Each structure stands twice: as structure tokens, then as C-alpha cells.
Amino acid sequence: MFGGKYTVLIIEDNAADVQLLRLTFEDVHLNCDLIVVTDGEQALAWVRDQPADSGARLPDLAIVDLNLPKHDGVEVLSAMRKNSALAGLPILVLSSSPRPSDVARVSAFPNTRYATKPSFLEAYGEIAETVRQMLELSR
Amino acid sequence: MRLFAQLNTTVRDWPLRTKLLAVVIATTTAAVALAAAGIVVSDSVLFTRYLERDLTALSQIVADTSTGALAFDDPKAAAETLSALRARQHLIAACIYRSDGTVLASYFRSKANSECPRRQDGLQVAFGDDAVAVSRPVLLADRPIGTLSMLYDYGEMWERRTIYGGTVLAILAVSVLLAAVFSTRLRRLITNPVVKLVETVSSVSANRDYRIRAERVSGDEMGILVDAFNEMLSRIEERDEELRRALAEREQANRRLAQSNEDLERFAFVASHDLQEPLRMVSVYTQLLQKRSLVDSSPETARFISTIVDGTRRMHELLTDLRAYAELNASSDMRVVDLNRVIEKAKDNLKLSIETNHAVVTQDRFACVRAYEGHLIPLFQNLIGNAIKYRSNQAPRIHISCARDGNDLRIAVTDNGEGIAPEYHSKIFVPFKRLHGPEIPGSGIGLAICERVVQRYGGRIWVESEPGKGSTFVFTLPGNLLVFADGSSGNVH
């Protein structure tokens, strides 16, 4: 690994899913800090709090659920892309809903990938692999 | 005869009122005219007799008066006698002849006509075409000494006839008028029931309101007709009511059915989606337990956990299929889809299954159709997947063929699998209907999806199969979905 620890922002209301991601990253020895935001409103607030050109430490990757309380994931994505500090942040949308319409909505955003939350543990390996790729690309 | 036929046709379309009026006028006119003709004829006869008597008497008087003048051959006295006839304005001419045939004296009503009427032997009153000629000998002591001849016109008769004719016409006009007026109530008595019935019939047919009844205003044939008509209306009303009720019931049932279908679809969609989430947690966390050996690793525990994981896997497949089934009705955009690519994608999704079973899938060359790819891929994937899943002992050999069936495109997926007994040929398309236990996994929804897709495009799907002889699943797509290489679409020729 290069450059030490990563920071990953996870916007996800389901604690069990956050736990799964944590375990997955541990499993593949992906060394990262997790910032967890659990609803759409907090996520928007977090986005607002990231001032442009502050030089502050920003996350290397955001993992966003689409189905969030209060404000949905697409709103959060739009807010992020409008904030110049976060405009280039790689985003992995992790949603339980494999609807083509959702995939289409997400694919409109740059530097954003889409994956379905796996129903089986073995598929989490692929998620970990995707995350690792995106992190390494962002370096 | 032709005129009569013509008249008949014209009269036929007249309203009843007019016809009755025509009958009244015609009969009145005929009666009055006949009576008038009788009167005129008898008057003519009577008048002729009267004229004969009158002229006989007149000639007698003139002859007697002119005896002296004739005896003395005095033309002046004779002329004076004749000039007294001036009072009789219908007398055209009067002449007194001497016995030798020369004219002693003459009288003419107008100068234009100054010819003496011819004398005849003895007393004669002759009715000619234009006038009456009277000839009478003038006697002296019973001996003829000359002849009086007169010409009398029919003017008086014409005057009478003119007066009679005028009177008759006036009587005719008045009687027709009176007949028309007096018969009004009578005619109404006949026409009113008919008119009312016609109004009722029109109203019924215009409003389709079978509750209306015709009013019975008379006890004659019209009354019978009205009764019969009302009776008929009652029956129609009953039937109409029954029909209406049945229709309303059916509509309500249809609405309920549509509502319940919609509810069911919404439920299936929501259930398949929302059940997936908790199931995912159960599944993944159970696998975590298994993987991390967080529970005691006795063989029994391992077996239990693996049963849980298998269960969640099956339920996951079931929910995924259920969701696919529920989503079929969602709106989808129709595009030109290459069926060759669709089949490739379906095969790609089944790659693992095809490789594991050493299945060989071959296909004809396919056309492009206007459809939604998201419908066609599951259709082929389910059919190919089933052909592999329900294989026989031989390696699966599957062929997808395409033919034209009239106007339709007929696509068949043929396998060398275990086959299906005829009694199950229609049951297999029912959702969740399965012929196998858990030894062959499946949700029982694959063929239901296929049927729904095919029906959505207006086609049919069925199976031709016998146990041990493989199966052929056939479906049709309407020819108008076809898109030709030049981009045109249309029917198969």
C-alpha cells in the first residue's frame, strides 16, 4: 500500500451495512478510517461543511447509499458535485435496488460507480476490490 | 291504371290525418257532384219541356195576332206584330212567310244575322244544336194562309246552368268545409291513438327508456295494439334491466379484479423489494458466523448454518424472480432490438450453468424486433435455463429456431431434456407452479414471466413435449414487431 491510511466516507443509514463494510475492509486488510453519516440531512450538512480550498483533509472516497432517510442519495450526490472541494471525489453508490432507472440516475454523475449491495458474503470481496481500485486511482 | 298506381304511391306516404281528410273531401265532393249532376240533368229536361210549351204558346199568340196582316198582305202590320217580340231577348229571329213562301215580315235580334229560319209544314218545335226552331202555320178559318217561323237560342238554359253550376260549386265548397270541420273530432278519434303510439315509440327508441308506456285511448284495434305494445315494452324493460344489472355487476367485478390485480402487483413489487433487505442481513450475517467460526464448529452447527444459508439463497432467488415478474408491467421503452444479441446476453447470463452442464446451445439467424430488451432477455434466459435445469442424462443440446407462421414470428426452443407429461403442459405457466421438489432449485416463476412477456407483445406461448423425448417451447411474436435491415417495420410477407 502506498501513502498510508485512507479515509472513506460512508453515507448509510443501516448500521449492519456499515458493519459489513468495516468487516470487509478488515478482511482484505484495507487500512482506512471511516467517517459514517447515517441520514440524508446529516450528509448534506457534512457536504456544506467542507469549505473549498481549505486544504483540510478530505475523504479519499465516499460510499453512498441511495435509499436514505430525509434526503435521498441522489440529492447528496448532486450537493457533492456542486461543492468544488468535493467535485472530484470518487464515489461508489452502493444500493440495494438494482433498478435500471437508479443506475441511469447515478451514471449521470462523473467519477461515480454503482454497485448493488451483495446478498451473499462472497460478493463482498468484489466490493472490497472495487473500493481498493477506486482508492488507488484517486491517489 | 298507371296514374292510379302513381297516386297510390304518393298517397301512401301522407300522414294519417291527411289521408283521412282526403277521404272526407273526396267522398263529400263525389256526393255533392253526383247530386249536382242529377239536378242539372233533371232541370235541363224540365226546362226543355217548359221551353217547348212556352214557345208553342208564344208562336200561337204571334200567329193569331198576325192573321189579319197576312190576310191583307200588310207587311207593316206584320212587322209591328213581330217587333213586339223584342221583349224576348233570347229570340234570334222571327219571320212570317206568305203561303207562296215569300217573306211578309221579319224580325232579327241583331243585324249581323238576318237570315230567316226555314219554314216547315205544320207545327214543329225542333231542338237543334245551337237553337230551337219553331215553325207554325198561320190559320184563317182553319186554313193555312202563311207560316210563322222563329229561332230561339239556348241562352236561358245556359244562364240557368251557370246559376246552377255556381250554386253547386258554392255548395260543394261549403259542404267540403263543413265535412272537414265536422269530421275533425271524428278524425282525431282515429288518428290520436295512432299519433300517441307513434310518439311513444319514438320516445322509447330515442331515449332507450323502456319504462315508458303507451296510453290506451280507445278500445278498438288500436287499443289492442297499444296493449300488445305495452306488453312487449314490459318484457323488453325486464330484459333491459337484467342486462343492465348483469353489465353493472360485470363492470364492478372487472373493476374489483383490476384493483386487486393492481394491489397484488404493487404488493409483489414492494414485498419482493422490501423483503430482500432483511433477508440480505440474515444471509450475510449467517455467512459471517460461518466464516468467522464465531459459533462452535461442531459438524451439526455447520450443517444448521449451511441450511440457513441455503434457505436464504433460495428465498433470494424467489424474491428476485418475483420482482422481475412484478416489474414486467412497469412502463418500458420500445427500441429496435437484435434478437441475436438478446440470445447472446441470455446465454452470457447462463454462462456458468452452460459450462457446468456442458450444454451446447445453437441458434438460427434472428431478425430485429421492436421491443424492450429487459423483457426479451429474461424470456430467452428462462427458456434456455429451464432446458438446462431439467436436463436428461445426456448433455443438454438446445436449439433456438425461428420461422414464419402466417403473419407471426414463431420462435422455438428445443431441448433433449427429460420432457413434460401432457397433463402439465398448461400448469407449468402458472406462477409458483413447480413440478419438482427442492432437488432442482427454482422459484416457479420463470415460465410465468415468459408467458407474461409474450402475451404483453400479443403473442402466445406453449410447450410441445413428451416425457423422455425432450421439450420444445414455442412462442409467437406478432409480425408487426419485426424490423427489417433497411429500418422499415411491418408484417412478414
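Helices (H or I, at least four residues) and strands (E, at least two) are DSSP runs, numbered from the N terminus. With those labels you can find your way around this predicted model, where local features need pLDDT of at least 70, side-chain atom pairs count only at pLDDT 80 or more, and totals for chains, interfaces and linings use all residues. Residues are numbered from 1 along each chain as its sequence is written, chains are lettered from A and ligands numbered from 1 in the order in which they are written, and side-chain values use heavy atoms, with hydrogens and water left out.

**Stop 1: a pocket in chain B**

Select α6 (221-274) and α8 (299-327) of chain B: each gives at least two residues to the lining of the second largest pocket. A pocket here is an open set of points on a 1 Å grid over the protein atoms alone, with protein on both sides within 12 Å along at least five of seven lines, and a lining residue has an atom within 4 Å of a point. Which helix supplies the largest share of this lining? That is α6(B), with 5 residues.

The pocket's volume is about 250 Å³, a volume being the space filled by probe spheres set on the points, which are joined across faces, edges and corners. Its lining has 9 nonpolar, 1 polar and 2 charged residues. For these classes, Ala, Val, Leu, Ile, Met, Phe, Trp, Tyr, Cys and Pro count as nonpolar, Asp, Glu, Lys and Arg as charged, and the others, Gly among them, as polar.

**Stop 2: a sheet of five strands**

Stay in chain B and show the open sheet with the order β2-β1-β5-β4-β3, paired antiparallel. Two strands pair if DSSP finds at least two bridges between them. β2 (103-108) and β3 (124-127) of chain B are the edges, each with a single partner strand, so one side of each has no neighbour in the sheet. From one strand to the next, the twist averages 10 degrees.

Zoom in on β1 (residues 91-98) of chain B, which pairs with β2(B) over 5 bridges. Here B:Ile96 stands opposite B:Ala105.

Next, select helix α2 (residues 16-65) of chain B, which lies across β3, β4 (131-140) and β5 (143-153) of that chain, at about 35 degrees to β4(B). Axes are lines fitted to C-alpha atoms, for helices over the stretch in contact, and angles run from 0 to 180 degrees between N-to-C directions; contact means heavy atoms within 4.5 Å.

**Stop 3**

Move to chain A and select A:Lys117 and A:Asp17, a salt bridge whose closest N and O atoms are 3.2 Å apart. The term means a side-chain nitrogen of Lys or Arg within 4 Å of a carboxyl oxygen of Asp or Glu. A:Lys117 is in the loop between β5 (112-116) and α5 (124-138) of chain A and A:Asp17 in helix α1 (residues 15-27) of chain A, so the pair ties together parts that are 100 residues apart in sequence.

Keep both selected: A:Asp17 and A:Lys117 are among the residues that line the largest cavity, as are A:Glu12 and A:Tyr124. A cavity is a set of grid points where a 1.4 Å probe fits but cannot get out. This one holds about 30 Å³ of space.
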